[in-house]
Amino acid sequence: MLSVIILLFSYILAVQKPETEKLLTYECGFEPYEDARHTFDVKFYLIAILFIVFDIETMFLIPWTNVLAQLDLVGFWSMIDFMFEKKFLEK
């Protein structure tokens, strides 16, 4: 209930004078170059996929390095196998 009251007060008390720049298609002030339904280059998707892959690798690698001294051989070699498969399946 408090959140609704705060939202209502902020809407009522705020000064609502949008500038012409703010009402444009993009806030940066640039006009769009072409239609938004135009297809993207495949490079953008590849970069996004690479980012996700390296993000997942970091998510697994950092905790593994923190507990490396406490791992048994199965934990050690399973992470080595993960890095090996990631390296060679990446290409």
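Okay, let's start with the helix pair: the axes of helix 2, residues 42-66, and helix 3, residues 73-89, come within 12 Å and cross at roughly 160 degrees. Keep in mind that this is a predicted model. Why lead with those two values? Well, two packed helices are described by the angle between their axes and the distance between the axes.

So how do helix 2 and helix 3 run, roughly parallel or roughly antiparallel? Angles over 145 degrees count as roughly antiparallel, and therefore that is what we call helix 2 and helix 3. As for the hand of the crossing between helix 2 and helix 3, it is left-handed.

Now, which residues meet there? On the helix 2 side you've got Val-53, Phe-54, Glu-57, Phe-60, Leu-61 and Trp-64, and these meet a set in helix 3 that includes Gly-75, Phe-76, Met-79 and Ile-80. Further along helix 3, Phe-82, Met-83 and Lys-86 are also part of that contact set.

Gly-75 sits in helix 3. Is Gly-75 buried or exposed? Its relative accessible area is 17%, and since buried means under 20%, Gly-75 counts as buried. Gly-75 and Trp-64 are 11 residues apart in sequence, and their C-alpha atoms are 8.8 Å apart in space.

Trp-64 brings us to the aromatics. Searching the whole structure turns up 2 aromatic pairs. One of them is Phe-76 with Trp-77, an edge-to-face pair with 5.1 Å from centre to centre and 80 degrees between the planes. Taken together, ring pairs link Trp-64, Phe-76 and Trp-77 into a cluster.

Okay, stepping back to the chain. Of the 91 residues in the chain, 5% are buried.

That leaves helix 1, residues 2-13. How many of its 12 residues are buried? The number is 0, so helix 1 lies largely in the open. There's also a quick check on its length: at 1.5 Å a residue, the 12 residues of helix 1 should span 16 Å, and the end C-alpha atoms are 16 Å apart, which agrees.

That's what I had, happy to go back to any of it.

Technical notes: Residues are numbered from 1 along each chain as its sequence is written. This is a predicted model: local features need pLDDT of at least 70, side-chain atom pairs count only at pLDDT 80 or more; totals for chains, interfaces and linings use all residues. Side-chain values use heavy atoms; hydrogens and water are left out. Helices (H or I, at least four residues) and strands (E, at least two) are DSSP runs, numbered from the N terminus. The expected span of a helix is 1.5 Å times one less than its number of residues. Buried means under 20% relative accessible area, exposed over 50%, partly exposed in between (1.4 Å probe, protein chains only). Rings of Phe, Tyr and Trp (its six-membered ring) pair if their centres lie within 6.5 Å; planes under 30 degrees apart count as stacked, over 60 as edge-to-face and the rest as tilted. Axes are lines fitted to C-alpha atoms, for helices over the stretch in contact, and angles run from 0 to 180 degrees between N-to-C directions. Angles under 35 degrees count as roughly parallel, over 145 as roughly antiparallel, 65 to 115 as roughly perpendicular and the rest as oblique. A crossing is left-handed if the near helix is turned anticlockwise from the far one by less than a right angle, and right-handed if clockwise. Contact means heavy atoms within 4.5 Å.
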